[in-house]
Amino acid sequence: MTSKKIRKNERPDKPYPEFPLTASGNGQWCRKIRGKIHYFGPWEDWQNALDNHNQAYPYLKAGIEPPDSFEGLTIAQLCNRFMTHKKSLLTTGEISQRWFDDMLKACEVVVDNFGKQRIVETLTPIDFEKLRTILVEGKSPTVAKNFINRIRSVFKFAEENDLIEKRVKFGTGFKPPSKAVIRKYRNSKPKKLFTPDDFQKLIKFADVHLKAMVLIAMNAGLNNTDVCQLQTSHVDFDTGWVDYPRPKTGIQRRFKLWPETTAALRASFNERYEPHEKEHQSYFFITKFGNPWHPRNSLAKQFAKLCKDCNVSASFQYFRHTFETVAAGAKDQVAVDYVMGHVDNSMASEYREEVGQDRLEAVSCHVRNLLLKVE
C-alpha cells in the first residue's frame with residue numbers, strides 16, 4: 001500500500017520567513033543541497049528538524065556524509081576559545097593589535113569555509129586541500145603562506161590544549177607555498193624602491209603630519225605600524241636621537257634623526273590634535289578625530305591618496321625596502337640591522353652590548369645624502 005501524497009495547500013507554512021527548510025509532501029521538512037533532497041524531521045517538530053539541518057548542513061554542503069554523532073568540539077567553539085586566549089595576550093601586551101586582527105581574520109575564514117557547527121575532528125585532508133585552493137587564488141604566495149600558517153596554528157591550539165582527542169590531519173595539500181615559489185613571485189614584481197625624485201615629491205605634497213610620517217619612515221626604515229605606535233617618549237628633540245623598540249618584535253632600535261625629520265616632527269607636534277582618551281596621550285601622531293592613527297585604515301589610505309596625488313606608484317612598505325637597500329651602501333650591516341630593529345640570531349649578537357652612535361649616524365646620513373641629494 002502506497003502512502004497518499006499530501007497536497008501542497010495542505011502543507012504547513014514555514015515557522016518564520018527565513019526558515020531554511022521546505023515542507024515536503026511526505027510529512028517532513030527538507031532542503032535541496034548540492035542537487036539532492038535531504039530530510040530532517042517531521043512537520044510537527046520543526047525545531048528539531050532545524051537543529052538536525054544546522055548540524056548536518058556543513059557536511060552536506062561540502063559533499064561529505066554527516067557523522068553518526070554530532071558530539072565534540074565545533075569550529076565555532078574552537079575559534080571562540082582560540083580568540084579568547086589571544087585576547088588575553090593582547091591585553092597583557094604580548095601580541096599586537098595587528099596580530100590579533102590577523103588571527104581573527106583567519107578564524108573567520110575557517111568558519112566561513114567549514115561552518116560553525118562542523119565537528120573539528122571530522123575534518124579531513126581533503127577539506128584542507130579545498131581550503132588551500134581558495135586561499136591561494138588571487139593572492140600573492142606570501143599572503144597565502146601567512147593565512148595557511150595562521151589557520152594551522154588555530155588547530156594546533158586545539159591539540160596542545162587537549163580540546164580534541166584525535167589530531168587534525170592537514171595532509172600534504174595544506175602546506176604553505178615554498179620559498180622558491182615566493183622568490184620567483186617577488187622576482188616577477190617591480191622593485192619596492194623609491195627614487196630620490198619620488199621621495200622628494202611625497203615630502204613636498206604631504207600635509208604637516210603626513211610629511212613627518214614620511215620622513216621618519218625613510219629616516220630609519222619604519223613601517224606603518226611603527227609610525228602609528230611611535231610614542232612621544234621615544235623622541236629626544238634635544239639630542240636628535242630616537243630609542244624605539246620595534247612593536248612587532250620588541251627588538252631594540254636606535255637611530256639619529258635627520259635635520260629635515262626633526263623639523264617636520266616639531267611642526268607636526270606643534271599642530272597635534274588633542275587625544276580624546278587619556279591612554280592615547282602618549283602617542284606622537286593623533287588623527288583629527290582624536291584617536292591614534294591606524295596602520296591600515298587611516299595611514300595606509302592617506303598615504304595611498306598622497307601617492308596618487310604625486311603620481312607615485314608605491315605602498316608604505318617601500319620605506320623599509322628602500323632604507324635597507326640604500327643603507328647597505330654604508331657598508332656596515334650590523335649598524336643597518338640595529339637601526340631597523342632586525343632580529344640577529346648570530347653568535348656575535350649574544351656578546352654585542354651596543355653599536356656605536358657614530359656608526360648608527362653614518363648609516364642614517366648615507367641614506368639622507370642619497371635620497372635628499374644632500375652634498
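**A helix crossing, then the pockets**

Tutor: Helix α13 (residues 333-340) and helix α15 (residues 357-371) have axes that come within 9 Å and cross at roughly 80 degrees. That makes α13 roughly perpendicular to α15 (65 to 115 degrees counts as such). Axes are lines fitted to C-alpha atoms over the stretch in contact, with angles from 0 to 180 degrees between N-to-C directions; helices are DSSP runs of H or I, at least four residues. On the α13 side, V334, A335, V336, Y338 and V339 make the contact (heavy atoms within 4.5 Å), and they meet R359, L360 and V363 of α15. By class, that's seven nonpolar, no polar and one charged (Ala, Val, Leu, Ile, Met, Phe, Trp, Tyr, Cys and Pro are nonpolar, Asp, Glu, Lys and Arg charged, the others, Gly among them, polar).

This is a predicted model, where local features need pLDDT of at least 70 and side-chain atom pairs 80 or more, while totals for chains, interfaces and linings use all residues. Residues are numbered from 1 along each chain as its sequence is written, and side-chain values use heavy atoms, leaving out hydrogens and water.

The largest holds about 1700 Å³ of space, and 37 residues line it, with R98, T142, K192, Q317 and H321 nearest its centre. Elements giving two or more residues to this lining include α3 (97-114), α5 (141-160) and α12 (317-327). The lining splits into 12 nonpolar, 12 polar and 13 charged. (A pocket is an open set of points on a 1 Å grid over the protein atoms alone where a 1.4 Å probe fits, with protein on both sides within 12 Å along at least five of seven lines; lining residues have an atom within 4 Å of a point. Points join across faces, edges and corners, and volume is the space filled by probe spheres set on them.)

Methods: Parallel < 35°, antiparallel > 145°, perpendicular 65-115°, else oblique.
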